[in-house]
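Work through the following exercises with the sequence and the model open. Each task is followed by a solution in steps.

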Amino acid sequence: MAESEFRVKSSSTTAIAHRPLVLVNARLIDPAKLSETMGGVLVADGLIRDFGPAIASANLPAYARIIDCGGDCVAPGLIDMWAFIGEPGAEHRETIATATMAAAAGGITTVLARPDTNPPVDEAAVVDFLLRRARDTGRVRVLPLAALTAGLDGAEIAEIGLLQLAGAVAFSDGARAIRNARVMRRVMQYARDFDALVIHYAEDRDLAGEGVMNEGEFASRLGLAGIPREAEAIMLDRDIRLANLTGARYHAALVTTALSLDIIAKAKADGLAVTCATSINHLTLNENDIGDYRTFLKLAPPLRHEDERRAIVAALESGLIDAVVSDHNPQDVETKRLPFTEAEAGAIGLETMLSAGLRLVHSGEIPLGRLIAAMTIRPAEILGLSQGRLEVGAPADLIRFDPDEPFVVDPAKLHSRCKNTPFDEARMEGKVKLTMVAGEIVFEAK
Amino acid sequence: MVNPAKEPAFPHRHLLGIEGLSAQDISFLLDLAEAAIEVSRQVEKKRSTLRGRTLINLFFEASTRTQASFELAGKRLGADVMNMPVATSSVKKGETLIDTAMTLNAMRPDIIVVRHAQAGAVHLLAKKVDCAVVNAGDGAHEHPTQALLDALTIRRNKGRIEGLTAAICGDILHSRVARSNILLLSALGARVRVVSPSTLLPPGIERMGVEVFRDMRAGLEGADIVMMLRLQRERMQGGYVPSAKEYFRFFGLDEAKLCFAKPDALVMHPGPINRGVEIDSAVADGPRSLIREQVEMGVAVRIAVLEALAQHLPNG
């Protein structure tokens, strides 16, 4: 991506920050109203100062910096609730610097970093480390998730209060489900007292067993051990019952099956503080894409049957699924160039999340506004963030993208330190042209 | 002190809990205890109310202050006091609670003071013996003499109990002290709050007539009495709360949190205290702490309880 330019956020407020920046001639996507209008956005001091049809180059002061978007879409920057960033402990896979370059190029302006690092984010000092690293090396906002249980061991409650004071945005044990229901109950009770959001990766590890892909005909043909859909649904059902018992705010990190959707639908109908996300991979790929044992499509939870994918897309359109995440998980050659069963699960996704999502828009499966809402305002609402919305006074985290520009995904040009994209050589339409965080341009395609 | 010709003023043969006592019963015991304070403050501390009587301290759970307090109370009333060394007794050899009770009963004691780790164990024992039984703590159920001594301490310092707001803070779930205090203070017309993380709250506790708070600031707001509870060491390590450090930060009583309570709020703790876990040393040893006075009132209350029960003893 030689034609692109990255800029590191300046940490001090400079005179330039006070100079208004105006995006004009844009197709404004307002994810709160699921509406769009032609117009502009006025940005100053890092905030959205005004927006709408009246913002046009004709009536702006001479000292304003004006960017003509040429009819491209302008939307709030995307918020990704589930990404593995690698710091601390797995810097060979990813760093905050490389992950946030990928995020900026993909239109993501806020990334929640999974806490299952080494050491895990279960102490206030690690939260502090991440926030300082993000400030010094990150191009977009990085918000630490902190552990639910000490050492992510699923046994003892983590210092949720102190971690929250240090700046943890929500709580999760990463891709490790808490097996013991009594521990989960106490964790949720305790989290509730701090109004802390519990983000859980719902998987019954015992039932998933040695499985490496979705259970069913295709796994049987490939001779691979399957993971039944029930491994997700059983754990999710348990969690929802505990959410009801404890009053905790609960967010299912990744739902991938219609069985899970039924459980979420009932929980929401019952008025519980329950939300959920699915990954861009589960929205756009299915188990057949594994094809000839392609390990880049080995994911956790596994890619499902096409029927499940359709159910997930329908639930996104109806709003039953609140958020779409990248499930970014960089894996290097050593962990992927192995027999399917031995390979690590996971795929990178920060840089391609929006483009892949636009596939669903182009195929008519989902309206653009709904897709953007699930990547912006819904995560913002769940997390209590002020960004992710087109609102006067909101942080000027904005992106400009051309929803129709065609390109072929070239892993060599992706910014992540690892190249394990499931969209290797895929044709896509829709590219990010500009990414802005707090009014500063952090990425611009040239 | 009591006129033996009339109906006994305290109509119970045992003291198994605060539950079952009327406000009148409680006030009677408190008045008796008030009068008993002087007993311990004199050079000649011996009375003859229980002369010739036998009191057995049967503590299945280790205790220092409660056992010592009952022993002194018994001796000051002239009783022969025997502390059953449960740890080295036949109980350790597998004898059941009921067999132990029957064995002791055969020795014809007049009063047995019992502490047991299981809720309801003291009630079970009381059904099997002929003598008076005092509950010195059964599991997480009741500890009536602690609640009485707390009430006496409050009454002496505030002049009343009715209308006061008392915040009981900490490990409510495992606390017999909390349960007895909730019952007693409510019975005497105080407003009782419990302040605790949800993990240390017994489900449905609000049905006991208390207001539930999960935040010290809100829970202490306007409180006259701040009663801290001990957090057992084994409960600090992640099972119920993440750590002693986090517990102290959010639920430990320090000067800053005490500021949320009324300016003349008083601090209590049943002891033994964990400095730096549920209470800061500056508060525990500070001018608003009643912790040491509670211990003194403990002896007075136990003298009063033994006196009250003595009325029902045969030939009493």
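## Exercise 1: The chain contact

The contact takes 17 residues from chain B and 16 residues from chain A, where contact means heavy atoms within 4.5 Å. The model is predicted, so local features need pLDDT of at least 70 and side-chain atom pairs count only at pLDDT 80 or more, while totals for chains, interfaces and linings use all residues. Residues are numbered from 1 along each chain as its sequence is written, chains are lettered from A and ligands numbered from 1 in the order in which they are written, and side-chain values use heavy atoms, with hydrogens and water left out.

Task: State what area is buried between chain B and chain A, and how many salt bridges are counted between them.

Solution. 

1. The area buried between chain B and chain A is about 1400 Å². Buried area is the accessible area (1.4 Å probe) that two parts lose on being put together, summed over both.
2. Carbon and sulfur atoms give 56% of that area.
3. Two salt bridges are counted between chain B and chain A. A salt bridge is a side-chain nitrogen of Lys or Arg within 4 Å of a carboxyl oxygen of Asp or Glu.
4. A salt bridge joins the side chains of A:Glu159 and B:Lys245, at 3.8 Å from N to O.

## Exercise 2: A:Phe194

Solution. 

1. Helices (H or I, at least four residues) and strands (E, at least two) are DSSP runs, numbered from the N terminus.
2. The classes are buried under 20% relative accessible area, exposed over 50%, and partly exposed in between (1.4 Å probe, protein chains only).
3. A:Arg238 is 44 residues from A:Phe194 in sequence, and their C-alpha atoms are 22 Å apart.

## Exercise 3: A:Ile108

Task: Describe the surroundings of A:Ile108.

Solution. 

1. Strand β8 (residues 108–113) of chain A contains A:Ile108.
2. With 0% relative accessibility, A:Ile108 counts as buried.
3. Apart from neighbours within four places in sequence, the contacts of A:Ile108 are A:Leu78, A:Asp80, A:Ala103, A:Val140, A:Leu350 and A:Met353.
4. A:Gly77 is 31 residues from A:Ile108 along the chain, with 5.6 Å between the C-alpha atoms.

## Exercise 4: Salt bridges within chains

Task: How many salt bridges does the structure hold over all chains?

Solution. 

1. The structure holds 44 salt bridges over all chains. Side chains of opposite charge can pair when their charged atoms come close.
2. A:Arg238 and A:Asp239 form a salt bridge with an N to O distance of 2.9 Å. A:Arg238 is buried at 15% relative accessible area, and A:Asp239 is buried at 0%.
3. A:Lys433 and A:Glu405 form a salt bridge whose closest N and O atoms are 3.8 Å apart. A:Lys433 lies in strand β18 (residues 427–437) and A:Glu405 in strand β17 (residues 398–408), both of chain A, so the pair ties together parts 28 residues apart in sequence. A:Lys433 is buried at 18% relative accessibility, whereas A:Glu405 is partly exposed at 26%.
4. B:Lys75 and B:Glu71 meet at 2.8 Å, N to O, in a salt bridge. These two residues lie in helix α2 (residues 65–76) of chain B, four residues apart, which is about one turn of the helix. B:Lys75 is partly exposed at 34% relative accessibility, and B:Glu71 is partly exposed at 22%.
5. Salt bridges that share partners join B:Asp31, B:Glu34, B:Arg155, B:Arg156 and B:Glu293 into one network.
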